[in-house]
Amino acid sequence: MKQRALVRPRSFVCLVVAVLALVAAACSSGSKGVSSSGGSGGAAGPPKAGGRVIMATEAEIDGFDPTKNRFDVTGLTYAETVYDPLAAYGKDGKVHPYLAQSIDHNAEYTVWTIKLRPGVLFHDGSPLTSDAVKANLDGHRKSPLTSPAIASIASVDKVDDLTVNVTMKEPWVAFPTYLTGQIGYVASPKTLADPNGSRNPIGTGPFKFKEWVPGNHFVAVKNPNYWQKGLPYLDEVEYRPIVEVQSRASSLKAGTVDLIHTTDPDTIVDLRKAKGVSVIDDLKSPGEHEEGFFMLNTLKPPLDDVRVRRALAAATDRRKIVNTVYAGLPPDSTGPFDANSPYHADTGYPDYDLAKAKSLVAEYEKDKGKISFELGTTNSAKNLQVVQLVQDMWKQAGITTTIKQVEQSSFILNALVGNYGAYLWRQFGEPDPDADVIWWSSQTARPLGELSLNFARNKDPQIDAALRQGRQSADPAQRKAAYQAIARRFAEDVPYVWVNTDVWAVASKPAVQGVTTWTLPDGSAGIDSLLSGRFMLSHVWLNK
Amino acid sequence: MSGRFIGRKVLQLVPVLFAVSALSFLLLNLLPGDPTVAILGPSATTEARVRLRHELHLDRPLVTRYVHWVGQTATGDLGKSYVSGQPTTEALRQRLPVTLELLALSQLLALVLAVPLALLAARRPGALLDRVSTSAAFGFLAVPNFMLGVLLVYLFAVRFRFFPATGYTALTENPASNLRSLVLPSFTLGVAELAVYLRLLRSDLIATLAQDYIAMAKAKGLPAWQVLLRHALRPSTFSLVTVAGLNLGRLVGGAFVVEYLFSLPGIGALTVESIFKRDYVVVQGTVLLVAVGYVLANFLVDLLYGILDPRVRHVRAAH
């Protein structure tokens, strides 16, 4: 038997060319289509009842107990099905009562009174009473998770079956904003008391818990006795965690799911161009967005010297980073309040100025020698790109850094104990800046080696005074001045080297409506933008 | 099959399980960080973290914790997830069928395609079919599975909506949806195996076909298909079966990636997530399960030798 060559060169080449041609043909006949942004009601007519929506989220949640499980954006998205928050944001940018009928305060803002609506039932038929609200708030006050944020609460007292008084240790003007988030979701006391409650939630929400297979899917069905008559529109919702962002986007494009959320700029740009997909983003929405920035450890040399920090700020070409790594999509940032925020002002944050950076570096080097420190980020490929780009920018100013990639769990722990130099970080996305007190106050700044919620560890009496004013002052103009003062202090002292504002987007099949057009129970319009990726599921409907 | 043979195999399992579980426990605890970060997030106080570590017994010495875990496991209690509170046995029970189905279908796909192709290729080495299948095999072997997966999703889920892009429907719920949801993942995972099996079987077949008894069978006038299937195939499958068994380890690793890509709620995805969250107890559970599965699979391979080759059976019986 004649043995021929194993692989004939010619046939191999033919095969390769054929495969490449197939791939090229498939990719080039691309999906060019109608790019639309805004899947909100408007021209689609009145909402229709019925239907089922499958949403793909960016992670699985830990559980449904608001006092025990972390509620990040995904957690809040899940919570919105089975629970209602006591308050919600309106289109006017103010906090309105939602599950609560009213939220009032005394003249000094030291006592807040939450009044509930009569006749609201939990999914198991038991009534919503002030006991339930008290159980939730007391649970939060004891919870290692949520108690730091509400440390200023002195006591929670039942006044009558539908009224609760929350007494503060100091005047607290912005307290209601906390009732729009994790602390405001009211779970049945049975859920809170049950050791398995976090996997079997009972709430007052538009949908009743049906089934949760962690990592696979969560299903909830319409609550027939929902206190908002006529809602929800949908019969059933299903959530599926799809961590890999490209798989999530493909699932939407393939029609496997109806709705997704994402913060990845490349994906957002890609989905805007895709056929049969509507995209809503939060670029224009008011309220604080999360920022991407380099967090500097102000207790660790050489970053303890303000000249070095200012040099870093001047050496960072923010626009270039956004254009190179983030597809040019998000705006670059000069402080914690972006252009759409009511607290925005010119902070005097250094522009990109390489000459200035070099001169600051030279000044420091005369005193203390060469500047060198560790630059850290997580294992994400995109973050590595940012860090490599910035390493090069800073090198041009004469600053040497070594890049260290750290896995997420250790990353956060390192920041907490101060075991880092400069970290690429993401934070400060609260709807009201009062909620940033724990991150910015000198009271939460601890020495290296101790757990410090103020990761940058900057102790600034001016910032403390401004935080106090922002918390206690009822005058919006004074609050505005206070937070603008903080932003200016950040620009002078540079504990953070700002890069960009993060963008959230919700992408869906065009039939999905009502994501940003909805009405509050008091009749006014609900917030018409995504608040860090959040939206009210109870008001979503399918236009079929 | 003697009881002694089976008994010996079971006894071999025990030290393996100890070694694997002890090593993984050690490695996990060497990782910096602990579950408190995943559970409490960044905004918890020192006191809260210390208290939680104490509640979870994380402040006890390593050896004590391992011994405690062994004791618990021996009674069938694999503990609870630190993060979600879900009992590990429940999580494994929910996720094992998914991974098993994925592995089974991948192997099946690989074998169902590899065996006929190898037979046809070995029949006429160097012919067009042989060369094309060989080139394709090398091509598939060279492509990383995540890249192949992304490409398949783009082609067959997004461009042409034949299959879903992600997700899993249980077999008991809807068999048709179940199979549809596993076609692309099985192909992604199985295609590299296909290449290996094809090449392996092909070369073994060629060697077998050169033997005298094959010439004898042909001389007797038996049709080609009978010669191939009844006389040549069985003796040529030893390497294939060995590799298929050993491959399980590689497949499980590949399953981690494929499950992540296609969002399949299997053991792989669970293990990866739990490692990130430092959910030690859950990871120990999955590692144990995979170790048991691996040993069992190779045990089955040993049994299969006996079935495939009567000489092995007799040799064993003689001992």
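This tour visits a pair of helices in chain B and then a sheet in chain A of a predicted model.

**Stop one: two helices of chain B**

Select residues 3–30 of chain B, which make up helix 1, together with residues 280–308 of chain B, which make up helix 13; the axes of the two come within 9 Å and cross at roughly 150°. Because angles over 145 degrees count as roughly antiparallel, helix 1 of chain B and helix 13 of chain B are described as roughly antiparallel to each other. Their crossing is right-handed.

Now show the side chains where the two helices meet. On helix 1 of chain B, the residues in contact include Leu13(B), Val16(B), Leu17(B), Val20(B) and Phe25(B), while on helix 13 of chain B they include Val283(B), Val287(B), Leu288(B), Val292(B) and Phe299(B).

**Stop two: a sheet in chain A**

Move to chain A and display the open sheet of five strands, whose order is 16-15-17-14-18 and whose pairing is mixed. Select residues 399–405 (strand 16) and 496–501 (strand 18) of chain A to see the edges: each of these strands has a single partner strand, so one side of each is left without a neighbour in the sheet. Looking across the sheet, neighbouring strands are turned by 30° against each other on average, with direction ignored.

Finally, select residues 371–377 (strand 15) and 422–427 (strand 17) of chain A, which run parallel and are joined by two bridges. Centre the view on Leu375(A), which stands opposite Ala422(A) in strand 17 of chain A.

Terms used: Residues are numbered from 1 along each chain as its sequence is written. Chains are lettered from A and ligands numbered from 1 in the order in which they are written. This is a predicted model: local features need pLDDT of at least 70, side-chain atom pairs count only at pLDDT 80 or more; totals for chains, interfaces and linings use all residues. Axes are lines fitted to C-alpha atoms, for helices over the stretch in contact, and angles run from 0 to 180 degrees between N-to-C directions. Helices (H or I, at least four residues) and strands (E, at least two) are DSSP runs, numbered from the N terminus. Angles under 35 degrees count as roughly parallel, over 145 as roughly antiparallel, 65 to 115 as roughly perpendicular and the rest as oblique. A crossing is left-handed if the near helix is turned anticlockwise from the far one by less than a right angle, and right-handed if clockwise. Two residues are in contact if their C-beta atoms, placed from the backbone, lie within 7 Å. Two strands pair if DSSP finds at least two bridges between them.
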